[in-house]
Amino acid sequence: MTDTALASAPSADPARKGRMIVYVVALLIGLALAFAPFLFQDVRSNQVAARICVFIVLAASYDLLIGYTGIVSFAHTMFFGLGAYGAAIALKSMGPGWDAVLAGGVAGVVLAAILAVLIGVLSLRVKAIFFAMVTLAAASVMMVLASQFSDFTGGEDGIVYSAPALFKPAMKLMTDDAGKVVKLFGVSMNGKIAAYYFVFLTCLVLFLALMRIVRSPLGTVLEAIRENEMRAEAIGYRVVAYRTSVFVIAAVIAALAGTVWAVWLKYTGPDTTFSFAIMIDILLMVVIGGMGTMVGAVIGVVLMSLAQFYLKDLMEAAAQATANIPLLPDLLDPDRWLLWLGLLFILLVYFFPAGIAGTLMKKGGH
Amino acid sequence: MSKPAHIAAMFDRIGGVNALPVVLMIIALPLIGSFSSWVTLTVAGLAMGMMIFLMASGLSLVFGLMDVLNFGHSAFISFGAFIAASVLAWLAAWVGADSLTLNFLALFAALGAATLFGLAAGWFFERVIIKPVYSDHLRQILITIGALIVSEQIILAVWGGSPIPVPRPALLEGSFVIGDVAIEVYRVFAFFLGLAVFIALTLVLNRTRIGLLIRAGVEDREMVEALGFRIDRLFIAVFMTGSALAAMGGAMWAGYQGLISGALGGEMMILVFIVVIIGGLGSIEGSLLGALLVGLLGNYVAFIFPKLALASNMILMMAILLWRPWGLRPAVGK
Amino acid sequence: MSDYVLRLDDVHTDIGDYQVLHGISFNVPQGGVHVLLGRNGAGKTTTLRTIMGLWRARSGAVVFKHHDITAMHTSDIARLGIAYVPENMGIFGGLTVQENMRLATATGGFDDGRLGHIFELFPAMEKFWDKPAWSLSGGQKQMLAISRAIIEKRELILIDEPTKGLAPSIIRAMIAAFEEISRDTTILLVEQNFLFASSLGRNVCVIDDGRIAHSGRMEELVADKDLQTRLLSLSLDAHQ
Ligand SMILES: Nc1ncnc2c1ncn2[C@@H]1O[C@H](COP(=O)(O)OP(=O)(O)OP(=O)(O)O)[C@@H](O)[C@H]1O
Ligand SMILES: [Mg+2]
């Protein structure tokens with residue numbers, strides 16, 4: 001409805017331009033990630049790039065819920081954690097092999113799907129607003145369980161394990177005649193590279209799958225439901241069934257991202273998976289990037305990840321500069337960066353609820 | 001009469017859902033085994049339930065009246081707890097004094113400061129955070145989450161990240177001992193404070209014109225306006241009261257725990273959500289019922305299977321959602 | 001001019017993205033029952049809700065006596081002396097009959113004379129005085145909704161389809177009640193039941209697709225069968 005109105009309005013041209021900008025930025029990010037090991041050759045950057053890949057999938061699958069379906073879940077990190085813990089527990093107990101990744105990943109994904117069905121059926125049939133509360137409760141219970149059943153999960157300490165042999169730094173993907181690792185553009189073709197491209201490619205596939213889903217007939221139905229739930233119901237869509245299936249799809253993708261994350265990190269603990277801080281991160285990423293756009297997730301994740309580094313540096317400097325004033329240094333402490341992000345977030349939801357990508361795509365680039 | 005129908009009829013005769021806490025108490029007795037432990041746990045459960053009731057009732061009413069779900073509600077709980085802790089620490093001389101009057105004054109000051117803060121913060125929160133996003137659930141959730149993040153960070157900035165001790169007024173220390181059963185004074189106080197608030201709320205809701213308007217507004221906001229009343233003014237009053245009660249509950253909880261950290265708000269919020277879902281959004285009686293169930297079950301299970309305490313409440317919530325999707329005692333019409 | 005209680009002037013109302021009213025204008029003179037007719041979905045309820053301020057007019061004016069109420073808050077509109085009986089009756093099921101009526105008074109107290117009068121018109125109200133309103137039957141709920149509108153003196157009562165689903169005997173009682181009420185209060189009535197509408201109405205407006213399709217005196221419409229068929233696609237027997 002709004003789309004057609006916009007298309008005929010004089011703002012159509014800037015909107016197209018805005019869309020272009022958004023897609024070009026997303027494409028550049030994609031290219032940067034594709035060549036990250038060559039572009040940024042230190043360990044830390046590699047780590048950041050892999051994290052961005054995984055979080056793009058996580059945020060995009062969350063966008064499927066919040067942006068395309070209009071339901072707010074706080075259980076996304078729970079599913080992410082299930083996938084991660086599945087792989088981690090299997091890798092720890094079965095040894096570092098692909099069989100363990102597969103078995104653990106599948107177990108985590110299946111558990112995530114079952115839980116998603118259960119939560120969806122129980123709470124979505126009543127009122128969507130229950131859903132946010134129920135998922136929040138479920139996620140925190142899962143977090144407590146993970147820390148209490150420490151025989152399995154390693155409790156607060158988490159689990160350390162080895163990844164499959166292919167990803168070991170000592171693994172030689174390409175050797176020259178002398179049997180030494182080949183360097184391409186200054187980058188050794190060892191297991192680290194393999195691990196990064198494993199992360200990059202699986203995340204790319206998952207992201208493309210999500211793009212496919214929102215462009216499919218299912219995406220159209222979801223849009224109809226989001227626009228006017230009552231009307232959609234009246235037309236005959238089974239709203240609860242659709243919402244539950246989307247919730248399950250998002251849960252499965254989050255769990256898969258968790259498995260990938262666990263394989264990359266070789267460590268799984270509450271702080272890297274279940275924590276509520278990560279849930280808030282994802283929420284901020286999607287809203288800042290732009291709900292209901294998918295590419296917004298890409299932009300949001302990159303911005304947040306960069307902000308996490310640079311905003312902290314900036315605050316560090318500001319805190320030192322104001323060291324003599326009471327309270328202010330406490331508020332400017334780098335550990336308080338979420339305070340400022342929170343404020344920014346509130347302003348954003350007020351003034352630009354469509355987020356960066358959404359605002360650009362609607363109003364044009366100026 | 002078939003068997004399920006028979007059971008259902010019996011259930012209704014003993015008081016329907018209202019009897020659930022009592023049923024739970026009776027079932028717990030043989031499982032726990034020792035009578036004195038059972039009494040201790042039951043008192044702890046009831047006290048905890050009443051404190052959670054304080055925190056939950058406002059959230060539930062606010063939702064019932066305006067369809068506003070405030071995810072930042074736990075900020076009031078945290079602030080209440082920390083403010084009470086600060087006031088008690090500041091009045092350490094009164095708190096430790098061997099005088100009932102000074103003890104009382106310290107307690108009164110702590111609860112009063114927390115409650116007043118709740119009122120003021122509630123007003124600010126409603127005007128600045130909630131009002132612009134009435135009737136838009138998604139943005140409501142997002143904005144209140146944003147406010148929650150900011151509040152938690154402010155608490156961290158002001159009170160620091162490490163747990164702080166909460167001094168308890170001397171008059172609330174110690175226990176009543178009856179035979180081999182010891183009952184902590186603080187728990188009894190918490191129980192009766194919660195009960196007093198419940199009675200006061202019930203009286204206001206059922207006996208006053210404002211209460212009548214609130215009950216009507218929970219059912220049909222538009223019609224209340226069409227009868228000539230400003231629902232938004234009513235709402236801000238309810239919101240402020242709910243925030244004040246949450247802060248009071250947080251203050252009580254701080255004294256109960258003796259040691260509080262920034263995580264307190266988040267932990268209580270989970271219980272509060274479970275309580276309002278179990279009880280049914282929009283009803284005070286439902287909140288009380290849900291809170292007592294959660295308090296009792298939490299304490300019993302913590303004794304019998306320590307690891308499952310929180311999970312048990314989750315399972316209770318799931319079971320009740322299956323049985324009554326709208327909660328045990330939802331407000332009529334919701 | 002000023003002998004009109006209510007005047008709508010080229011009112012346009014949108015609901016969400018839909019334009020529902022495309023310029024409604026009519027005048028309601030002082031006293032008597034005036035009727036809005038129209039097919040399902042024509043915009044009758046929307047018109048009443050716009051008058052009440054429950055939907056906002058995008059353009060045009062709603063004038064009550066000499067107050068421009070177009071942009072007023074619903075509660076202020078009500079306080080000027082307009083009562084609204086919505087299509088779903090707007091009964092508070094969890095409240096008793098007494099509490100429902102008490103809410104409709106300005107001070108919370110009843111005028112014994114008026115209350116006695118209501119009990120005469122609708123004896124069921126006295127009988128169920130302290131019962132929760134959800135326990136009333138559909139017709140009794142409708143009576144409660146109307147009682148609530150007349151428990152205090154109003155200038156104008158907006159009533160949306162009071163006869164929906166009522167038995168003929170109750171409708172007859174309702175006609176008598178309305179005749180009585182309309183002696184000192186103006187009533188703007190939305191109605192599908194043409195028999196009911198025609199036996200009460202003084203003036204009539206027919207709304208179709210958000211526009212005024214016809215307005216005039218009720219007798220003329222009753223007399224002109226062709227006009228009826230054209231405007232309402234109904235004949236009198238269709239409703240028997
Ligand atoms: N809440 C709403 N959202 C969207 N469209 C609405 C809404 N309410 C009414 N409409 C639309 O506005 C139009 C007029 O509705 P309205 O309720 O005024 O009709 P009506 O004349 O009262 O019909 P009826 O005789 O069936 O009560 C209809 O086409 C309807 O679909
Ligand atoms: Mg209608």
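**Conventions**

I number residues from 1 along each chain as its sequence is written, and I letter chains from A and number ligands from 1 in the order in which they are written. The model is predicted, local features need pLDDT of at least 70, side-chain atom pairs count only at pLDDT 80 or more, and totals for chains, interfaces and linings use all residues, while side-chain values use heavy atoms, with hydrogens and water left out.

**Entry 1: chain A**

I looked up the secondary structure and found 17 helices and four strands in chain A; helices (H or I, at least four residues) and strands (E, at least two) are DSSP runs, numbered from the N terminus. The radius of gyration of chain A is 22 Å, close to the 21 Å from the globule rule for 366 residues, so chain A is as compact as a globular protein of that length. That radius is taken over C-alpha atoms, and the rule is 2.2 Å times the number of residues to the power 0.38. The C-alpha trace of chain A spans about 65 × 50 × 50 Å along its principal axes.

I then looked up burial: 52% of the 366 residues in chain A are buried, where buried means under 20% relative accessible area, exposed over 50% and partly exposed in between (1.4 Å probe, protein chains only). The accessible surface of chain A is about 16300 Å², with 69% belonging to carbon and sulfur atoms; these areas come from the Shrake-Rupley method with a 1.4 Å probe, and for residues only the protein chains shown count as cover.

For contacts (heavy atoms within 4.5 Å), I noted that in chain A 74% of those with a separation of 6 or more join residues 24 or more positions apart. Chain A has 24 positive and 21 negative charges, and their mean positions are 7 Å apart. Lys and Arg count as positive and Asp and Glu as negative, with His and the chain ends not counted; the place of a charge is NZ of Lys, CZ of Arg, CG of Asp or CD of Glu.

**Entry 2: chain B**

I found 14 helices and four strands in chain B. Its radius of gyration is 20 Å, close to the 20 Å that the globule rule gives for 334 residues, so chain B is as compact as a globular protein of that length. The C-alpha atoms of chain B fill a box of roughly 60 × 60 × 35 Å along the principal axes.

Chain B carries 17 positive and 16 negative side chains, with the centres of the two sets 5 Å apart.

I picked out Arg187(B), which sits in helix α8 (residues 185-207) of chain B. Is Arg187(B) buried or exposed? Arg187(B) counts as buried because its relative accessible area is 15%. Neighbours within four places in sequence aside, Arg187(B) is in contact with Thr40(B), Val43(B), Ala44(B), Ala47(B) and Tyr256(B).

**Entry 3: chain C**

I found 10 helices and 10 strands in chain C. A compact globule of 240 residues would have a radius of gyration near 18 Å, and the 17 Å of chain C agrees with that. The C-alpha trace of chain C spans about 45 × 40 × 35 Å along its principal axes.

Buried residues come to 55% of the 240 in chain C. The accessible surface of chain C is about 10200 Å², of which carbon and sulfur atoms account for 49%. Chain C has 24 positive and 29 negative side chains, and the centres of these sets lie 2 Å apart.

I also checked Phe119(C), in helix α4 (residues 112-121) of chain C. Phe119(C) counts as buried, at 14% relative accessibility. Residues up to four places away in sequence aside, Phe119(C) touches Met125(C), Glu126(C) and Trp129(C). From Phe119(C) to Ser147(C) I noted 28 residues in sequence and 9.0 Å in space, C-alpha to C-alpha.

**Entry 4: interfaces**

Between chains B and A, 42 residues of chain B are in contact with 40 residues of chain A. The area buried there is about 3800 Å², with carbon and sulfur atoms giving 83%; buried area is the accessible area (1.4 Å probe) that two parts lose on being put together, summed over both. In chain B, Leu142(B), Gln153(B) and Lys307(B) lose the most area to chain A, together 16% of what that side buries.

Between chains C and B, 27 residues of chain C are in contact with 17 residues of chain B. I noted a buried area of about 1900 Å², of which carbon and sulfur atoms give 61%. On the chain C side, His73(C), Phe92(C) and Leu103(C) supply 30% of the area buried against chain B, more than any other three residues.
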